[in-house]
Amino acid sequence: MDYGKTLNLLQTEFPMRGNLPQAEPKMQAWWKEIDIYRKVQEHRKGGPKFILHDGPPYANGDIHIGHALNKVLKDIIVRYKSMQGYDAPYVPGWDTHGLPIEQAIANSGKADRKKMSVSEFREACRQYALQWVEKQKAQFQRLGVRGDWENPYLTLTPAFEAQQIRLFGEMVKKGYIYKGLKAIYWSPSSESALAEAEIEYKEKTSPSIYVAFDVKDGKGVLPDDAAVVIWTTTPWTLPANLAISVHPEYDYVLVEADARKFVVAAELLENVKQTIGWQQVSELKRFKGAELEYAKCKHPFYDRDSLVICGEHVTLDAGTGCVHTAPGHGEDDFAIGARYNLDVLCPVDEQGNFTKDAPGFVGMFYDKANKVITEKLEASGHLLKLGFIRHQYPHDWRTKKPIIFRATEQWFASVDGFRQAMLDEIKNLNWTPKWGEIRLHNMIAERGDWCISRQRSWGVPIPIFYCRDCGEPLVNDRTIEYVANIFEQHGSNAWFDRDEKDLLPAGTVCAKCGHGEFRKETDIMDVWFDSGSTHAGVLKTREDLAWPADMYLEGSDQYRGWFNSSLITSVAVNGKAPYKGILSHGFTLDGEGRKMSKSLGNTVDPNKVSDTLGADILRLWVSSVDYKEDHRISDAILKQITEVYRKIRNTLRFFLGNLDGFKIERDRVAYQDMNELDRFAVIQLNRMVDRVIQAYESYDFHIVYQAIHHFCAVEMSSFYLDIIKDRLYVSAPNDPQRRAAQTVIYDSLTTITKLIAPILPHTADEVWKYIPDVDLISVQLADMPKVNESVFDAELERKWDWFMDAREEVFKALEIARKDKVIGNSLGAKVEIYPLAAETAELLAMFDRLDTLFIVSQVQVHEASATPPEDAYRDSLVAVKVGVAEGEKCERCWIVTPEVGNHEHAEHPTLCPRCAEVVVKHFSE
Ligand SMILES: [Zn+2]
């Protein structure tokens with residue numbers, strides 16, 4: 001008889017290898033077929049809502065690892081919440097306006113901007129954005145992200161644009177929108193403002209001059225015959241000079257140099273002396289920059305003051321430490337000027353020519369003025385040195401000509417009126433990680449007004465009109481609602497296609513002068529205003545969502561971005577934050593901790609990982625990292641993750657393979673009828689569930705990952721499953737001991753499958769299809785397991801935890817014996833145990849069937865007083881002597897015992913009595 005056929009060997013169709021790159025797309029096709037998203041939503045209808053509002057990625061280019069991490073984190077949370085009974089819809093969105101798309105169209109060579117109307121150009125932008133939405137959608141779906149992919153939100157849809165206009169209108173009504181000056185990049189050659197991205201740095205030769213500003217009022221620190229020395233490479237900005245900035249903390253010196261008195265930063269004195277060529281220099285006085293605040297100098301060629309002010313932007317890299325400040329021509333200058341209430345003097349027009357505000361230079365091109373001004377300074381004795389330098393200077397990326405900083409009128413959202421309300425809201429939010437609260441608090445506390453206008457085409461127009469007669473801006477409830485309705489029906493191209501009279505209610509007249517003709521604003525809104533409006537355009541308008549959201553989840557760069565802009569627009573009009581909590585993640589670095597970049601060639605492409613290893617491997621990686629900090633990914637890391645995946649998959653497969661013929665309703669063994677070992681396994685399972693659920697609740701997915709891995713690899717594979725193999729394989733199929741082990745296995749299987757479902761949705765649903773007696777079509781419809789605290793038993797756990805340690809020591813002795821060829825298979829061994837303490841002997845005596853627990857054939861435990869033989873293996877609890885088991889090896893179960901053949905079933909002489917019994921009862925014809 002072939003006794004092999006009488007064993008209950010592993011029996012399952014569940015494949016050992018996942019073949020995820022092939023299997024996952026099939027699973028996804030099935031999800032689509034059964035419309036899993038809608039099924040889950042219907043299933044959870046009526047449950048409490050949990051709204052994770054998707055921050056819209058920019059619809060431009062393939063997704064990168066940062067997108068993948070972000071979307072998978074969201075998906076894990078949404079899936080978990082749904083399995084906890086929440087109605088957790090997930091509506092993905094896209095940010096679709098903005099400069100990068102305009103540039104992509106311009107650079108594509110397919111569209112000649114100059115030959116297109118604004119609407120035609122915008123249509124090209126729209127098509128481009130939509131095409132990337134579709135591509136990214138497919139890539140996100142390939143990652144297994146579940147959501148309402150059929151009905152995402154896009155910031156370019158007419159409905160969204162209309163809501164954004166209404167939100168803007170509310171802010172206008174509350175007085176938070178105003179027009180003001182701002183120094184921005186300006187290209188005289190293309191007569192337009194430029195964004196950061198439209199600038200390229202190139203070498204340029206510039207004059208480098210040192211200029212003396214005579215002191216007018218030294219505030220008791222400086223004598224009237226002294227002069228403050230500044231250095232500049234843009235002499236043409238001197239007509240706009242209104243101040244000199246010094247650093248409040250730095251040391252400055254008053255020196256006598258070649259019979260004149262000058263002020264420079266102490267640290268730069270030597271440098272200045274060399275450059276200007278001073279011969280005799282002696283220090284007269286030393287003081288902090290702060291002491292110079294509010295001293296007054298005379299402008300070198302206009303009859304006005306230049307105020308000495310303090311600014312942290314002053315550096316000691318070059319120059320004199322005294323910085324020429326023209327608020328109309330520089331970003332730092334503008335900011336510091338605002339703090340000191342200086343005017344924003346900008347005597348240069350759109351073409352780069354001087355205006356009447358620069359007497360003596362009117363009509364002159366700014367670059368021509370450099371020479372004229374330098375000569376003027378020299379004639380009056382204010383020029384201390386003229387040289388030339390080659391340096392990197394910003395240029396217009398289209399015309400390749402130098403750009404300038406120029407103050408222009410822009411639209412702003414002021415935040416002072418509700419800054420405190422925002423700070424109060426921040427205190428009441430849930431923060432993951434905790435430091436997010438401080439980060440956003442500081443940013444909001446310190447932020448200036450928000451410049452929301454852009455001189456571009458691809459975006460939502462700023463819905464404001466100007467009276468053609470008196471120039472007064474026109475914007476009110478009626479005009480906003482009128483425009484919003486037009487956008488809702490026809491999209492925002494209407495703004496560009498229609499005459500003003502067709503964008504305004506009939507009979508509209510200027511409130512100031514009564515005139516009836518208007519000009520429309522040509523600027524569009526900053527694209528951050530679009531995404532910052534999603535709470536109005538999405539959360540408040542969709543039936544399936546709710547406002548405020550429970551969570552916004554994005555990278556930590558969004559404290560400056562989306563978290564910030566959304567808070568501003570929501571608190572401005574609603575007085576409340578649009579979210580109850582924020583979760584932020586760090587950035588993904590390469591294996592060596594370097595930033596990823598295309599030029600370094602160290603990027604990891606999520607699409608490629610899905611196609612080679614599988615999306616579930618990438619998702620498992622996401623769960624494994626501490627995403628709150630910066631974290632790493634590399635091929636080597638993914639290889640380790642793949643090993644962990646295999647361990648989990650094999651454990652689940654082992655469970656499945658031992659449930660052949662098992663019917664849970666019929667065969668379940670009650671907890672109280674289980675032996676201690678089985679009960680210990682049930683306790684460990686519940687402890688693991690407890691850890692995992694707590695970790696999910698606090699969004700610590702790396703703890704979920706570790707707990708599940710540890711349970712599969714250590715508690716199950718290396719202990720419990722190891723020991724129960726004999727019962728599972730050798731006992732009669734319906735042996736109560738075997739049924740007890742199967743009950744533990746069944747519960748472990750269903751529990752782990754549910755617990756991993758948010759992280760490994762493909763694998764979990766694959767396993768689910770093989771689990772006997774489940775009534776739900778997908779694990780995604782199942783409830784998360786609950787902890788059964790009634791099984792916890794501290795005494796039993798302590799006892800078995802101790803046993804696991806003792807068993808390790810016996811295993812070490814067996815390992816040595818195997819290496820020394822004393823034994824082969826551990827079932828060939830007889831183990832003699834010498835407890836090294838009386839307590840150990842007592843504890844060991846509490847365990848039945850040590851042979852089974854150690855997976856050997858015979859165990860003898862000596863008295864604690866017995867002396868172990870010289871050649872025994874000694875450890876901390878026990879000494880162990882391993883020998884060859886006495887008797888014959890049973891042909892069926894491989895246990896060695898003198899009892900082989902010693903039973904009444906003479907036809908099975910090579911079997912032990914237990915095996916003979918099983919074979920005769922269950923397998924004889
Ligand atoms: Zn046997």
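**Aromatic pairs in a predicted model**

Trainee: How many aromatic pairs does the structure hold?
Mentor: Happy to start there, with the reminder that this is a predicted model. The count of aromatic pairs in the structure is 37.

Trainee: Take Phe14 and Tyr770: is the pair stacked or edge-to-face?
Mentor: The ring centres of Phe14 and Tyr770 are 5.3 Å apart, with the planes at 80 degrees. Planes over 60 degrees apart count as edge-to-face. The pair is therefore edge-to-face.

Trainee: How many residues apart in sequence are the parts that this pair ties together?
Mentor: Phe14 lies in the segment before α1 (20-34). Tyr770 sits in the loop between α24 (761-768) and α25 (794-819), so the parts tied together are apart in sequence by 756 residues.

Trainee: Is Phe14 buried or exposed?
Mentor: Buried means under 20% relative accessible area. Phe14 has 1% relative accessibility, so Phe14 counts as buried.

Trainee: Now for Trp802 and Phe847: is that pair stacked or edge-to-face?
Mentor: Their ring centres lie 6.4 Å apart, and their planes are at 20 degrees. Planes under 30 degrees apart count as stacked. That makes the pair of Trp802 and Phe847 stacked.

Trainee: Where does Phe847 lie?
Mentor: This pair links distant parts of the chain, with Trp802 in helix α25 and Phe847 45 residues apart from it. Both residues are buried. Phe847 lies in the loop between α26 (838-845) and α27 (850-854).

Trainee: Which ring does the charged end of Lys540 sit over?
Mentor: A charge sits over a ring if NZ of Lys is within 6 Å of the ring centre and within 35 degrees of the ring normal. The charged end of Lys540 is 4.3 Å from the centre of the ring of Trp547.

Terms used. Residues are numbered from 1 along each chain as its sequence is written. This is a predicted model: local features need pLDDT of at least 70, side-chain atom pairs count only at pLDDT 80 or more; totals for chains, interfaces and linings use all residues. Side-chain values use heavy atoms; hydrogens and water are left out. Rings of Phe, Tyr and Trp (its six-membered ring) pair if their centres lie within 6.5 Å; planes under 30 degrees apart count as stacked, over 60 as edge-to-face and the rest as tilted. Helices (H or I, at least four residues) and strands (E, at least two) are DSSP runs, numbered from the N terminus. Buried means under 20% relative accessible area, exposed over 50%, partly exposed in between (1.4 Å probe, protein chains only).
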